Amino acid sequence: MSVPFREASIDLDVLAANVEHFRELTQGAPLFVDVGADAWGHGLDVVVPALAELGAQAFVVTRLDEAERVRALAPESLIVTTQHAADEDFTRAAALGVAPRVHSLDEYERAAAGGVNGVVLVEETGEGLPGLTPAELDDAQADAAQRDIAAVADYAFPVVGAELFGISEDDADVAPDFHPVLRLWAPIAATKRVGADEGVSYGYTYRTRTQATLALVTLGYADGLSRAAGNRVDASVAGARHGVAGRVAMDAFMLDLGDVTAPPLGTEVTVLGDSRHGEPTAFEHARALGTHSAEITTRLTARPRRSAARQADGGAEQ
């Protein structure tokens, strides 16, 4: 088997522990999981079957193309979609057994006419977001009962999302309650021994302070690593932190390892991981870049291979 140039390993044991903690906190609430944006960048193909085995009753995605992928991975699960075309006729949703989340009576009527078996009705909350008035909600529920369509109000359909993967959509660090599920790593492809005050990467925005070993790591902005990460975030080698040196290129970045002997080519460099293992986290990257950790993982592209791993052995499943 060839060694990957870049990989996102998804630890299914950590995911299971996060699910268990969620159930403890919510006293056994239904497990309705938002897996939009390719499961928050973690990969639907890995995450959805694992969550189905862990007892997830429903999956929430944004669009019907995502719903189609989830349906193939979880044939018996409820799937909810949240965004639809203005002229969507919902026949495709009906064929997939999807329950659309609807924001108006017109959208509800098109969904019902399209043959769906269930809908989630969004109530207007006065916060500037579209939704049904209380009277419209009552009318839609009454009509749904006559058509034998399962209709539930949005507030009665609580969904867990980013936290289950150890990330957050705000400035909060969800650890230690929920730990990161994803470890993003790439191998060292080349090394170079340099002297002090050596310019590194494009534009020489970074210069070495002492004699140092530089490592070329095969992960770049085309993989979803922010171009702004240069000189601002760390990566780790065997639990030791090192700064990303200079500008991030399309396919690679440079790491200043300090005044050490060059490690073997192929040595893994962890870009995102779990602080319990001495690894930089998505939360730390987010804080350095002025954003939140969910943005760090959802910007990952399809180029890093997603693979399932187990905490016990740290190896990827094939």
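Visitor: Hi! Which residues of α3 meet α4?
Guide: Leu44, Asp45, Val48 and Pro49 in α3 meet Glu66, Arg69, Val70 and Leu73 in α4. Contact here means heavy atoms within 4.5 Å. This is a predicted model, where local features need pLDDT of at least 70 and side-chain atom pairs count only at pLDDT 80 or more, while totals for chains, interfaces and linings use all residues. Residues are numbered from 1 along each chain as its sequence is written, and side-chain values use heavy atoms, with hydrogens and water left out.

Visitor: How do the residues of that contact divide by class?
Guide: The contact of α3 with α4 has five nonpolar, no polar and three charged residues. Ala, Val, Leu, Ile, Met, Phe, Trp, Tyr, Cys and Pro count as nonpolar, Asp, Glu, Lys and Arg as charged, and the others, Gly among them, as polar.

Visitor: And at what angle do α3 and α4 pack?
Guide: Helix α3 (residues 44-53) and helix α4 (residues 64-73) pack at about 50 degrees, and their axes are 9 Å apart. Axes are lines fitted to C-alpha atoms, for helices over the stretch in contact, and angles run from 0 to 180 degrees between N-to-C directions. Helices (H or I, at least four residues) and strands (E, at least two) are DSSP runs, numbered from the N terminus. The two helices are therefore oblique to each other; angles under 35 degrees count as roughly parallel, over 145 as roughly antiparallel, 65 to 115 as roughly perpendicular and the rest as oblique.

Visitor: Let's switch to the sheet. What order do its strands take?
Guide: Six strands form an open sheet in the order β2-β3-β4-β5-β6-β7, with parallel pairing. Two strands pair if DSSP finds at least two bridges between them.

Visitor: Which strands stand at the edges?
Guide: β2 (32-34) and β7 do, each with a single partner strand, so one side of each is left without a neighbour in the sheet. On average, neighbouring strands of this sheet are turned by 25 degrees against each other, direction ignored.

Visitor: How many bridges join β4 to β5?
Guide: Three bridges join strand β4 (residues 78-81) to strand β5 (residues 98-102), and the two run parallel. Thr81 stands opposite Pro100 in β5. Helix α4 packs on the sheet too, touching β3 (58-61), β4 and β5, and its direction makes about 170 degrees with that of β4.

Visitor: What about β6 and β7, how many bridges there?
Guide: Strand β6 (residues 118-121) and strand β7 (residues 150-153) pair in the parallel sense over four bridges. Val120 stands opposite Val152 in β7.

Visitor: Where does α7 lie?
Guide: α7 lies across β6 and β7, running at about 160 degrees to β7.

Visitor: How do α6 and α7 cross?
Guide: The axes of helix α6 (residues 105-114) and α7 come within 11 Å and cross at roughly 10 degrees. That makes α6 roughly parallel to α7. Residues in their contact include Leu105 and Tyr108 of α6 and Glu136 and Arg147 of α7.

Visitor: Last topic: what do β12 and β13 form?
Guide: β12 and β13 form a hairpin with two residues between them, and Ala238 in the turn has a positive phi of about 55 degrees. Four bridges join β12 (residues 234-237) to β13 (residues 240-245), and these strands run antiparallel.

Visitor: Which strand does β13 also join?
Guide: Two bridges join β13 to strand β14 (residues 253-256), and they run antiparallel. The bridge partner of Val244 in β14 is Leu255.
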